[in-house]
Amino acid sequence: MTVLRVDELSVSAGGQSLVRDVSFQIGAGERVGLIGESGSGKTLTASSVLGLLPDGLHATGSVRLGEQELLGASERTLSRLRGMEISMVFQEPMTALNPSMRVGSQVAEPMLLHGTRPDRRAARSAAVELFDSVRLPDPEGTARAYPHQLSGGQRQRVLLAIALANDPALLICDEPTTALDVTVQAQILALILAATRERDTALLFITHDLAVVASVCERVLVMLDGEIIESGGTREVLSSPRHEYTGKLLAASDLEAR
Amino acid sequence: MTAPSEPPAATQPLIEARDLERRYTRSRRRSVHALRGVSFEIAAGQRFGIVGESGSGKSTLVRLLAALDTPTAGSVSFRGNRIDGVAERGLRFLRSELQIVFQDPMGSLDPRMRVRDIIREPLGRTRRAEHTERVAELLEAVELPADSGQRYPHQFSGGQRQRISIARALAPRPSVLIADEPVSALDVSVRAQILDLLLDLVERLGLTLVFVSHDLNVVRYVCDEVAVMRHGEIVERGPIDRVYAEPAHPYTQQLLAAAPSLRAALARLEEGP
């Protein structure tokens, strides 16, 4: 079953074209990596899916979540979907969390907004359960903490709990582990894998790290200058790349071989 | 901790740290041990890697090696001269002998200065004519276009800015270069170019390199000796190939297992369905 279908998505600012003719699909439970360097258009592609393009940027083409067209959909429709059908984990957990709100309430918020739990108390106890499932120590106590009282890895677990709160059909992760230490990174990646497998969630995983994409995703899309230049199974693309740029990216990443 | 290896010749080590301790006092009762009991020697010409995660004490150690901070206990010597707790006047030799390249080139380059002024700043205010020549030489050494000197840092990409930082660091002809996470903010293809440039310069100019990183793959690519830090201590130290092939400390083993490796991940995919 196709969860997300992107057809000929293009994004432009004024006369300048930033993303061109991007098309791909993600099925339920499928994990797709979007790789490329800074400025290649990865984040703009994800923002278009969420309807969160910055002002002044304009998207054309089609982005469908199930039967629902997202491009040009009203803000009301989009806010009904965000945090419910689609959710997102950002790179910087400190800026993505509200510094003046206890993290337990931040996890309860999407459940209350979308009415997936009857009341505040039910949402709070669901939040504590989620904290347990993302392996936060002392879930009860952590729920009462503010973001600054948590480590970077713990904050990223909180963000993941928020994203998973309403069992979304599609989870988008934008460089979720780039700011983390390697040992913490390995734990967060394992959590994302386990959570998406368990729930049959479609995953769009943005990263510039080929080793990370190879350990998380089944399929991979390679972006360069706003276009997808190569796509296919992770193993095929990363072991026998067809596009010159993918080859270059691989050679630069594989310090072990140099 | 493994026994520290002897420097190759019976000569004096270039840099020597003895029982370094750095405590930060938070309040009258609480203090944080950022470093404790850190001892090692770096021989001239070595490429010495310091690896560890956030909070392991890497940056504190760098500040002590560069005499930008004073240890709470222990000593740091450079060519046999103590540099800890020495007044700035007594450190002039060190300021040209030892230079640092930082992680974030945008944060360490003054946005209002032209690149040529940034590069020649460490050379002082005298003999400016000679400096013009030196700037041209340095731009060429880091493979930047000759006209880069007239431009400002924001006109360059992240990788080019890191080249500017390297040119500035090399300006006073140092013998030691400390690179503190020099490629962590860069894309992979740029990262490889900067690492190759650093290695090339170290060899060509006969520099001693102290290379700090959280990325074990990068340290392995660059260094011949490595110290692994955790909670302010060196838990393991030795020749790079030995530490990677047979990590002795459980933490080193854990770090190596967690480090994302493209080869290992692809090998797992090969085994898969």
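Does B:E181 count as buried or exposed, and at what relative accessibility? In this predicted model, B:E181 counts as buried because its relative accessibility is 8%, a value under the 20% limit. The legends below begin with the two chains together and then turn to single elements and residues.

Figure 1. The contact draws on 28 residues from chain A and 28 residues from chain B. Six residue pairs are in polar contact between chain A and chain B, with both residues at pLDDT 80 or more. On the side of chain A that touches chain B, at least two residues come from each of α8 (182-199), α9 (210-216), α10 (234-239) and α11 (244-253) of chain A. By class, that side of chain A comprises 13 nonpolar, eight polar and seven charged residues.

**Figure 2. The salt bridge across the interface of chain A and chain B.** One salt bridge is found across this interface. The partners are A:D254 and B:R263, and their closest N and O atoms lie 3.1 Å apart.

**Figure 3. The fold of chain A.** Chain A contains eleven helices and ten strands. Its radius of gyration is 18 Å, close to the 18 Å that the globule rule gives for 258 residues, so chain A is as compact as a globular protein of that length. The C-alpha trace of chain A spans about 55 × 45 × 35 Å along its principal axes. Of the 258 residues of chain A, 53% count as buried. Where contacts in chain A join residues at least 6 apart in sequence, 64% of them link residues at least 24 apart.

**Figure 4. Helix α1 of chain A and the glycine just after it.** Helix α1 of chain A covers residues 42-50, and eight of its nine residues are buried, so the helix is largely enclosed by the rest of the structure. The buried residues in α1(A) are A:K42, A:L44, A:T45, A:A46, A:S47, A:S48, A:V49 and A:L50. Just after α1(A), A:G51 adopts a positive phi of about 65 degrees.

**Figure 5. A:R135, a residue other than glycine with a positive phi.** The phi of A:R135 is near 55 degrees. A:R135 sits in the loop that runs between α5 (120-133) and α6 (139-143) of chain A. Its relative accessibility is 59%, and A:R135 therefore counts as exposed.

**Figure 6. B:E181, a residue other than glycine with a positive phi.** For B:E181, phi is near 50 degrees. B:E181 is placed in the loop between β7 (176-180) and α7 (188-205) of chain B. At 8% relative accessibility, B:E181 counts as buried, whereas A:R135 counts as exposed at 59%.

**Figure 7. The surroundings of B:S56 in chain B.** B:S56 belongs to the loop between β3 (47-51) and α1 (58-65) of chain B. With a relative accessibility of 4%, B:S56 counts as buried. Leaving aside residues up to four places away in sequence, B:S56 touches B:A34, B:M229, B:R230, B:H231, B:G232 and B:E233.

How values were computed
Residues numbered from 1 in each chain as written. Chains lettered and ligands numbered in written order. Predicted model: local features only at pLDDT ≥ 70, side-chain atom pairs only at ≥ 80, totals over all residues. Heavy atoms only, no water. Contact = heavy atoms within 4.5 Å. Salt bridge = Lys/Arg side-chain N within 4 Å of Asp/Glu carboxyl O. Polar contact = N/O pair within 3.5 Å; in protein donor to acceptor, adjacent residues only side chain to side chain. Helix = DSSP H or I, 4+ residues; strand = E, 2+ residues; numbered from the N terminus. Nonpolar A, V, L, I, M, F, W, Y, C, P; charged D, E, K, R; others polar. Rg over C-alpha atoms; globule rule 2.2 N^0.38 Å. Buried < 20%, exposed > 50% of the residue type's maximum accessible area, 1.4 Å probe, protein only.
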